[in-house]
Amino acid sequence: MNISFDKLDKAFENRVRLQIMSVLAANERYDFNSLKDLLGITDGNLASHLKALEKEEYIVVHKSFLGRKPNTNYEATDKGKKAFKSHLNTLEQLIKQQKLT
Amino acid sequence: MEETELQNELASIRSIMERSSKFISLSGLSGILAGVYALVGAGAAYKIIEDAHSKLEEAILRVRAQEPLVTTTPSFNSYVTDYSSLNWKLFAIAVIVLIASITTAILLSIRQAKRKNQPMWGSASRSLVFHTMVPLMAGGCLIAVLVFFKLNHFYHPYYGLVAPASLIFYGLALVSASNFTFGEVKYLGICEIILGLIAACLPGHGLLFWALGFGLLHIIYGARIYFKYDK
């Protein structure tokens, strides 16, 4: 059995996207600002990666208002969770495989 | 990608999942200090209660002996007032201990959050505070009712339930909070609940159980967290 790197999800090639998915896998919902603080990246950077994940239908956006301030929450879709899980499995298998050789 | 790189990737995923959902910046030291404050407070409370009791007893003995209370000593009434102000003094001690513990916990957590690179007021700490406050507020309101419920000026039938109720609700708060921080908090909570139930079976020893629950258990838990995570 040989697992190649091609099996790794292209959407998670970028580190920030993988980190976003990790957060949304561990939490039901997460808001934009908390995500920004946690990952320590800029608004624009985070927004573009979120957009990319949204386009893949890995996450969905919930917009609401807290008083007058807009509050944007993100949630992983079933498709996203599945993709994240299989990405982790592939990573794990790659490690095992490299240990054997 | 190299093997170590892959492993780093997995480690970073694990760490970010933990940091995003659990407030891991609680400091063990603040647990130890909270325990010490509670023991000091319990000591002070014990002293105040003993003083008030012995004064009251003395006054009662004198009245029984038909011995007029000498004018140089305070009158019997003032002994009684002294005795009823006791509750407020004990309440003040409890509030001081509580404020000192919370302040210490916040200050040490800020330091720890910086070190662990976790936002102090983020999604994790908000969930932690919310899930602590719900059982704690319910317990606090119930205890207020227990304290103020009285049949007449001298008879408070539910006084003895204050210590068990506070331990039990605090324990429930910890169990509910434990999903958002170290797993050890759950065991501390369960111990507090058990202690509260034992206290309910042994009325009249409220202060002792308070000292055990808020003092001793906090010190043991704090030391464990300190040696496991603070380093």
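In this predicted model, B:Glu9 and A:Arg15 are joined by a salt bridge in which the closest N and O atoms lie 3.2 Å apart, a salt bridge being a side-chain nitrogen of Lys or Arg within 4 Å of a carboxyl oxygen of Asp or Glu. Two salt bridges are counted between chain B and chain A. The side of chain B that touches chain A draws two or more residues from each of helix H1 (3–21) and helix H4 (123–148) of chain B, and H1(B) gives the most, with twelve residues; helices (H or I, at least four residues) and strands (E, at least two) are DSSP runs, numbered from the N terminus.

The contact (heavy atoms within 4.5 Å) involves 23 residues from chain A and 18 residues from chain B. About 1,900 Å² is buried between the two chains, with 66% of this area given by carbon and sulfur atoms, where buried area is the accessible area (1.4 Å probe) that two parts lose on being put together, summed over both.

Within chain A, strand E2 (residues 59–66) runs antiparallel to E3(A) and is joined to it by eight bridges, strands being paired if DSSP finds at least two bridges between them. A:Lys63 stands opposite A:Thr72 in E3(A). The two strands E2(A) and E3(A) form a hairpin with two residues between them, and A:Gly67 in the turn has a positive phi of about 70 degrees.

Residues are numbered from 1 along each chain as its sequence is written, and chains are lettered from A in the order in which they are written. Local features need pLDDT of at least 70, side-chain atom pairs count only at pLDDT 80 or more, and totals for chains, interfaces and linings use all residues, while side-chain values use heavy atoms, with hydrogens and water left out.
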